[in-house]
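Please look at the sequence and the structure before reading on.

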Amino acid sequence: MAFGGRTGGAAVDVVVVGGGVIGCAVARKAALGGLSVVVVERGRPGAEASSAAAGMLSPLAEANEPGAFLDLLLRARAEYPDFVDALRSETGADVAYSGAGTLYVALREEDEAELEERLHWQSAAGLGVERLTADEARALEPALSPHVRWALRFAGDHQVDNRRLALALWSAAARAGAEFRLGCDVASVLREGDRVAGVELAGGERIAAEAVVLAGGCWAGRLSGLPRPLPVEPVMGQLVSVETLPPTFRHVVDSPRCYLVPRADGRLIVGATAERVGYRRAVTPAGVMRLLAGALEIAPSLADAPLAETWSGLRPGTPDGLPILGRDPDLSNLLYATGHFRNGILLAPITGEIVGALLLGEDAAVDLAPFAIDRF
Ligand SMILES: Cc1cc2nc3c(=O)[nH]c(=O)nc-3n(C[C@H](O)[C@H](O)[C@H](O)COP(=O)(O)OP(=O)(O)OC[C@H]3O[C@@H](n4cnc5c(N)ncnc54)[C@H](O)[C@@H]3O)c2cc1C
């Protein structure tokens with residue numbers, strides 16, 4: 001066991017606070033490695049940001065420069081196929097992993113500078129980005145507006161159905177032996193000298209543990225007993241879906257104003273706003289109007305598609321947009337797995353591997369310095 005002997009007969013090896021895709025991925029890895037794991041979730045696992053997301057696995061549309069963050073996203077994307085296979089064999093679940101790539105389109109003159117900049121640094125970094133003329137883009141996706149000026153193609157991008165992913169990760173963690181305490185709110189982290197000793201629930205119950213993992217998404221910093229501020233804040237995203245059968249697009253279509261993600265069942269997800277409005281998550285007329293205007297600018301033929309659903313979710317944002325991963329520098333058995341902002345679906349498997357490895361006493365396969373809590 002990675003954290004020395006148990007402090008009392010009843011201590012579990014690991015308590016994971018939060019049962020989103022990140023908490024479940026960590027719990028799965030730790031439980032598969034033979035640790036006793038309790039996941040404490042105040043609602044239903046995966047029901048928050050992890051279900052709200054659009055499911056894109058798109059490093060080149062997300063990173064703004066070469067570096068450690070882009071490397072992490074690319075590595076996460078490269079490891080996804082093996083993860084999906086493992087999840088299928090553990091649970092039988094199909095998470096609809098698929099990908100024709102992403103088209104990033106310029107529709108207005110002012111969009112072009114952003115695309116030029118991406119093309120420039122991504123080509124220099126040898127990332128395989130392609131520049132398409134308007135005709136070439138429309139040959140791939142005939143529903144694109146005649147106003148498309150040109151496009152970038154990120155051929156290696158994929159997507160998953162993140163709602164199925166969240167359920168599959170919950171199931172995989174439970175099958176591996178993790179215990180889920182649902183409807184329980186963790187109020188504080190318990191400390192004993194220079195270590196954490198477990199957590200206390202809102203009703204006063206204590207769970208003793210050899211290690212605690214903070215995986216509470218945008219709520220991760222709202223516990224008492226933390227050794228330092230955990231700067232994770234909610235960034236609300238609204239989304240809309242329309243029904244398009246036969247599907248309008250094969251690619252994910254991204255633009256500076258909104259993105260369109262085609263699902264195999266005919267739903268086309270239009271996302272997403274980015275609003276810093278605290279923990280509020282109302283779907284608003286202004287938000288929906290902005291998304292639909294963006295969608296119709298990309299594909300005017302969507303004007304007659306039936307509206308299917310509107311929803312919203314809270315991304316766990318950090319000051320620099322990078323996740324917070326690894327051990328606390330002072331309390332080495334307190335681990336962070338949070339702040340995944342816009343990329344937690346892509347990063348869930350690799351986060352499970354990284355934090356799971358630390359719990360098992362192994363080295364993380366990635367240099368965690370750029371993602372450490374003490375960078376703030
Ligand atoms: C609109 C939108 C679009 C997105 N699109 C994409 C995308 O296309 N691709 C991508 O990779 N990512 C995307 N994301 C980001 C991704 O969804 C998140 O980064 C990811 O889901 C974060 O997972 P999580 O497990 O950390 O958080 P969550 O899914 O929010 O889970 C945290 C869980 O912790 C629980 N919890 C918190 N505190 C406590 C406590 N004290 N006690 C008990 N339980 C607690 C909560 O109830 C919750 O269930 C998107 C997000 C949004 C909102």
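In this predicted model, the element that gives the most to the shell around the ligand is β16, with four residues. Among the elements that each supply at least two residues of this shell are α1 (21-32), β2 (37-41), α2 (49-52), β12 (233-243) and α9 (344-359), and β16 (307-317) belongs with them. Altogether 39 residues surround the ligand, and the closest are Glu 41, Ser 50, Met 56, Arg 342 and Leu 346.

| Residue (backbone N or O atom) | Ligand atom | Distance |
|---|---|---|
| Arg 42 | nitrogen | 3.1 Å |
| Ala 49 | oxygen | 3.1 Å |
| Ala 54 | nitrogen | 3.2 Å |

The ligand taken alone exposes 1,000 Å², and the protein buries 98% of that area.

The centres of the two domains, taken over C-alpha atoms, are separated by 31 Å, and the contact takes 14 residues from domain 1 and 14 residues from domain 2. Between domain 1 and domain 2 the buried area is about 1,200 Å², with carbon and sulfur atoms giving 60% of it. Of the area that domain 1 buries against domain 2, Ala 52, Cys 218 and Phe 341 supply 47%, which is more than any other three residues.

Conventions: Residues are numbered from 1 along each chain as its sequence is written. This is a predicted model: local features need pLDDT of at least 70, side-chain atom pairs count only at pLDDT 80 or more; totals for chains, interfaces and linings use all residues. Side-chain values use heavy atoms; hydrogens and water are left out. A residue is near a molecule or strand if one of its heavy atoms lies within 4 Å of it. A polar contact is a pair of N or O atoms within 3.5 Å; within protein, one must be able to donate a hydrogen and the other to accept it, and residues adjacent in sequence count only if both atoms are side-chain atoms. Accessible areas come from the Shrake-Rupley method with a 1.4 Å probe; for residues, only the protein chains shown count as cover. Domain bounds come from an automatic or database domain assignment. Contact means heavy atoms within 4.5 Å. Buried area is the accessible area (1.4 Å probe) that two parts lose on being put together, summed over both.
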